[in-house]
Amino acid sequence: MAGCGAIFDPPKLTASLEALEERMRASGFWDDQVEASKVSAEYSRTKRRLEEFAALEGRFDDLESTEELLREEMGGDAVDDELLQELVDGVAQMETELQRGEEQRFFGGKYDEGGAIVTIHSGAGGTESQDWTEMLMRMYLRWFERRGFRVEINDVLEGEEAGIKSAALTVQGENVYGLMGSEKGVHRLVRLSPFDSANRRHTSFASVDASPLVDESVDVEINDDDIRIDTYRSSGAGGQHVNKTSSAIRITHLPTNIVVQCQNERSQLQNKTVAMNMLKSKLVELEERKRAEELAKERGEVMNVNFGSQIRSYVLHPYQMVKDLRTGFEVGNAQSVLDGDLDGFVREYLVWRASGSAPRK
């Protein structure tokens, strides 16, 4: 468990927890609600990390006991296949959890540890790209489920024939925004088109973006004169109420031309509240991006933070491969990736970004 201890650093976490507890016991702690909320959130995260370490320690002890049993059996005539499989599965599961624990060291951004507003948009190409956009949303929903994140679909704009034109999701969980840094950009699909009667190969594009999910403590000034609010009829689920009332909300921030919309809540007021929070998140992301560009210039670095940069190719024909164009990481089982197996790509990106490396050949 030495490696596990190095990843979690229990003594440091314990000291931090004690210091946070001391602050929370101080008189007048709750006088400043904003600061108190930040300290409480940090306390919860630190406590959770310690609990994760304790759980891993217990699992490691169980695996050691299983290994000892197998070693004893190896001296006899037969080995319990079920026990062997239990050990193999347990080691694989622990390796996955250790890798996720190690991710924490890559998150130093102000909003990395929180949730995110994730948006997906189809590129040029009509039905082909819209179908690809729906495939991407399905991929992310499955990945979020694997990671144990909570997801709310705020808006889905369906295509005329198939697929979707765009989607907006609120994703809550630990390090969601930090993890989604690996996914921001253009995703390219190459396949034999199911919509082409001649069965020709097509290339489709869709873009993914993520903004930090911010709370009330984050001050973002939005002037009423800077926004235009439009209402329209919802097209999503919700029965007759959705189809007969203009409850969906679209907000345009005129100075930046940022557009957000929400239609999945049952009332116009609820949709407006969600849409305003989405706008707030996107404005925070815009400021963070500008700050990153300025820091890069001061350091003399060339930093590609363009939303439109192509980051990953998904090839389904004439061979199967998914390749990240920044890190060079690739997987031959494209279907597993489309089913939500993204952890390898995310981890490689985090390591690559931390090292400041150029794209691999």
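How many residues does helix α2 have, and what distance does it reach from its first C-alpha to its last?

Modeller: Please bear in mind that this is a predicted model. Helix α2 runs over residues 10-25 and has 16 residues. From its first C-alpha to its last it reaches 22 Å, close to the 22 Å expected at 1.5 Å a residue. Four residues of α2, namely P10, L13, L17 and L20, are buried. Viewed down the axis of α2, the buried residues fall within an arc of 90°, so they line one face of the helix. An α-helix has 3.6 residues a turn, so residues three or four places apart point the same way. On the face of α2 turned away from the buried side are the exposed residues P11 and K12.

Another helix, α3, covers residues 33-74 and includes V34. V34 and V218 are 184 residues apart in sequence, yet their C-alpha atoms are 9.1 Å apart in space.

Helix α3 also gives the most to the lining of the second largest pocket, with six residues. The volume of this pocket is about 790 Å³. Its lining comprises 25 residues, and A41, R45, G114, L213 and D215 are those that lie nearest the centre.

Terms used: Residues are numbered from 1 along each chain as its sequence is written. This is a predicted model: local features need pLDDT of at least 70, side-chain atom pairs count only at pLDDT 80 or more; totals for chains, interfaces and linings use all residues. Side-chain values use heavy atoms; hydrogens and water are left out. Helices (H or I, at least four residues) and strands (E, at least two) are DSSP runs, numbered from the N terminus. On a 1 Å grid over the protein atoms alone, a cavity is a set of points where a 1.4 Å probe fits but cannot get out, and a pocket is an open set with protein on both sides within 12 Å along at least five of seven lines; lining residues have an atom within 4 Å of a point. Grid points are joined across faces, edges and corners, and a volume is the space filled by probe spheres set on the points. The expected span of a helix is 1.5 Å times one less than its number of residues. Buried means under 20% relative accessible area, exposed over 50%, partly exposed in between (1.4 Å probe, protein chains only). The arc is that of the directions from the helix axis to the C-beta atoms.
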